[in-house]
Amino acid sequence: MASYSDSPRCWRQPAVRVALVLALSFFLLEPVAAAVPAADKYQPPPVREYKLWYRNFDSPAILALLQLALAKTPEYGDFRVVRSVEMGQGRVLREMAESRSKLIDIANVASSRERESALLAIPIPIDGGLLGFRVCVVRPHSLPLFDGVKSVEDIRDRGIRIGQGLHWPDTDILEVNDIPVVTHTRYEILFRMLRNDRFDCFARGVSEVTFDLAIEDDPDLVIEPTLLLAYPMPSYFFTAPDDYLTAHRVQLGMERAIVDGSFGHFLKTYYGKPLEELALDQRNVVVLRNPFLSEESRAIGRQTLSNLRRRLQVFSR
């Protein structure tokens, strides 16, 4: 494991990619011992409160992973994760980029070259890279529109409109692939727009869609059963650009969880059953290009796509 006393940009070194391979392969190695100084020479810092973006806090999987990473780093002291005020993704990114904001400390969002330049990224996909695999939430009367869709051309020819958040990287990805997109700044409003037939498909990540629908609890919203959109788009934890301590702690905790096997257990616990229910290996996969990633994230995304079939088998075991 890389030394965390080196450059504050240590999370961009090759060791991160090694950790990612371990995470995606579920390799079980010897646990990493936390380097805690002797009790008589070390006074732990007071309880640190971390404000997590409210959308992430409300997601059991994301909240559990952050708490796991923080718990793996006891030398940083006790912690408490609290829910941020409700704000859109665009404002979250601006607040963190300002560094002095007291409204938000950590957010999990999809990565892009711009975001990695403005913020500190912990480049380990929190869901094993599943966010770039998307299924459609639709209304039942729209299901025939998707019959036999197997390509981007089919989506265009049928005039299928996809709903996405205004500030989400997905919007740029869909538009650069010439797919019609309808946007809004608020995630919750997009479900209302779908119910009002403002678009045909609300494309949601396979790692989040079943949770979304459980919250909505609406029988008039269903998951379209035949189509899978796929594009390289890893989802990372981000912090303010000068919050090196938090970024070090989260990355160190996630790498320790990878090495001791608890990250693999997390992935199976929170994503294994939903992926089995979605029957991804039986869907028509439409691959889209994503030109907006950094070189490192592009490599991670390519690996995720190329290993799709094998990784789906791992999740379903």
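A: Axes are lines fitted to C-alpha atoms, for helices over the stretch in contact, and angles run from 0 to 180 degrees between N-to-C directions. The model is predicted, with local features needing pLDDT of at least 70 and side-chain atom pairs counting only at pLDDT 80 or more, while totals for chains, interfaces and linings use all residues. Residues are numbered from 1 along each chain as its sequence is written, and side-chain values use heavy atoms, leaving out hydrogens and water.

The part to look at is helix 8, residues 187–195, which packs against helix 9, residues 209–216, at an angle of about 75° with the two axes 12 Å apart. Helices here are DSSP runs (H or I, at least four residues), numbered from the N terminus. Helix 8 and helix 9 are therefore roughly perpendicular to each other, a term that covers angles of 65 to 115 degrees. From helix 8, Tyr187, Phe191 and Arg195 meet Asp212, Leu213 and Glu216 of helix 9, where contact means heavy atoms within 4.5 Å. The residues of this contact divide into 3 nonpolar, no polar and 3 charged; Ala, Val, Leu, Ile, Met, Phe, Trp, Tyr, Cys and Pro count as nonpolar, Asp, Glu, Lys and Arg as charged, and the others, Gly among them, as polar.

Tyr187, which takes part in that contact with helix 9, also lines the largest cavity. A cavity is a set of points on a 1 Å grid over the protein atoms alone where a 1.4 Å probe fits but cannot get out, and its lining residues have an atom within 4 Å of a point. The structure holds 3 cavities of 30 Å³ or more, and the largest has a volume of about 60 Å³, a volume being the space filled by probe spheres set on the points, which are joined across faces, edges and corners.

Around the largest cavity, the lining includes Trp53, Tyr54 and Arg55, then Met87, Gly88 and Gln89, and also Trp168. Thr185, Arg186, Tyr187 and Glu188 belong to this lining too. The elements that give two or more residues to the lining are helix 2, residues 54–57, and helix 8. By class, the lining has 5 nonpolar, 3 polar and 3 charged residues. Taken together, helix 8 meets helix 9 through Tyr187, Phe191 and Arg195, and helix 8 also contributes to the lining of the largest cavity.

Terms used
1 Å grid on protein atoms, 1.4 Å probe; cavity = no way out; pocket = protein on both sides within 12 Å on 5 of 7 lines; lining within 4 Å. Parallel < 35°, antiparallel > 145°, perpendicular 65-115°, else oblique.
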